[in-house]
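Hello,

Below is the structure I said I would pass on. My notes on what was found in it follow.

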Amino acid sequence: MEKETTVGNRSRRRVLHGLAASAWAVGGVVPPAAWAGEGAPADGAAALTIRFAHVVAPDTPKGLAVERFRQLVQQRSAGRIQVVVYPDGRLYGDHDEMQALQLGAVEMLAPSLSKFGRIGFPEFELFDLPYFFPDMASVQRVTQGPLGQRMLDRLVRQRLVGLGFMDNGFKHMSANRPLLEPAHFAGLRMRVQASRVIASQMRALGARPVTLAFSETRRALAAGVVDGTENPISNFWTQRMHEVQADLSLTQHAYLGYAVVANQRFWDGVAGADRLLIEAALSEALAYGNDIADAQNAKALAALRESGVTRVHELNVAQLEAMRRAVAPVHAALAQRIGMQWLMDAAEAIRSG
Ligand code: SIN
């Protein structure tokens, strides 16, 4: 079996080592970035500051939901509580954001669900299963129901407080060739997130998965370190991946979404009334973000078509069926890692609609 490749391990270890050392040394509260972040108080007058880091552009479903959260908290607390947003991986990226949160170097994050498996929650990888969710409504039957709540509640084992789920959308495949059937993936190095399910999906298609941080992906595509990738179109467009990928194939093969998490020690220290204010603002911002996610992806697709740089390909019924058949073994192969009960409960929630 082809081995998964991971790029950037050494630099990740270096950064995390430095981060851990400095966080412990100074009480874990000083971010290393020179850039102050969106919404940073000019005079440091806020009674409570929440640093919220994420890795995507402001003009994405996640970026817009987090910005809405920032505004609501600021308005409702009359500036007493400030949310400082660090988008685009400017403060922490895929390699170090979870650890930064656990160490208290940032208070809130919204990592993609695919990134929870490697910190001890493989059940989150059920969201990565190819062709598992037929549509967004079925995703929300899992994320917005008791099963989703159970998943969030378990995060406390890693000193994280799970506050809610946030949608992006369905992923599509890109490369410098159309990817319309499994044979087209042969030999391609495809960038993936650090998820066993996604790696296995790429292998099932005949490609070689290469784990890379989101922030490194465009550069790696431009340099030919990897040949292709998968993402919702809002991420593809806002990272300008169309400039370095000739073809986008609308495979709609799997979902990508996020969990909003807070550092437990921080959260426990927030006064009850403020906690209610923050929770209410977040729940409103998530409802807003989940509402506009589809439209943002459609807008990005329209802009992409309009730009004329990348060719956009639709798959016909036979091609979609061949893709489904090729990746079907991934479900059985990863069932044990994810957990049979989680899978059965998710399937049940999907059916309940
Ligand atoms: C994100 O949407 O937060 C990043 C997704 C990725 O790493 O592909």
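Val225 is partly exposed, because 16 other C-beta atoms lie within 10 Å of its own. The cut-offs are these: a residue is buried if 20 or more other C-beta atoms lie within 10 Å of its own, exposed if 12 or fewer, and partly exposed in between, with C-beta atoms placed from the backbone. Val225 sits in the loop between helix H7 (214-223) and strand S8 (229-231). Helices (H or I, at least four residues) and strands (E, at least two) are DSSP runs, numbered from the N terminus. Arg191 is 34 residues from Val225 along the chain, and their C-alpha atoms are 9.2 Å apart.

Two points on reading this. The model is predicted, so local features need pLDDT of at least 70 and side-chain atom pairs count only at pLDDT 80 or more, while totals for chains, interfaces and linings use all residues. Residues are numbered from 1 along each chain as its sequence is written.

The protein has 12 helices and 10 strands, and 47% of its 353 residues are buried.

Two residues are in contact if their C-beta atoms, placed from the backbone, lie within 7 Å. Leaving aside neighbours within four places in sequence, the contacts of Val261 include Leu101, Met108, Leu155 and Val161.

In helix H4 (residues 136-143), the residues Val139, Val142 and Thr143 are buried. They lie on the same side of H4 because they cover an arc of only 90° around the axis; the arc is that of the directions from the helix axis to the C-beta atoms. Among the elements that cover the buried residues of H4 are helix H5 (146-154), strand S5 (160-175), S9 and helix H12 (340-351).

Strand S3 (residues 81-86) is mostly covered, with 5 of its 6 residues buried. Strand S2 (residues 48-53) pairs with S3 in the parallel sense over 6 bridges; strands pair if DSSP finds at least two bridges between them. Opposite Gln82 in S3 stands Thr49.

Regards
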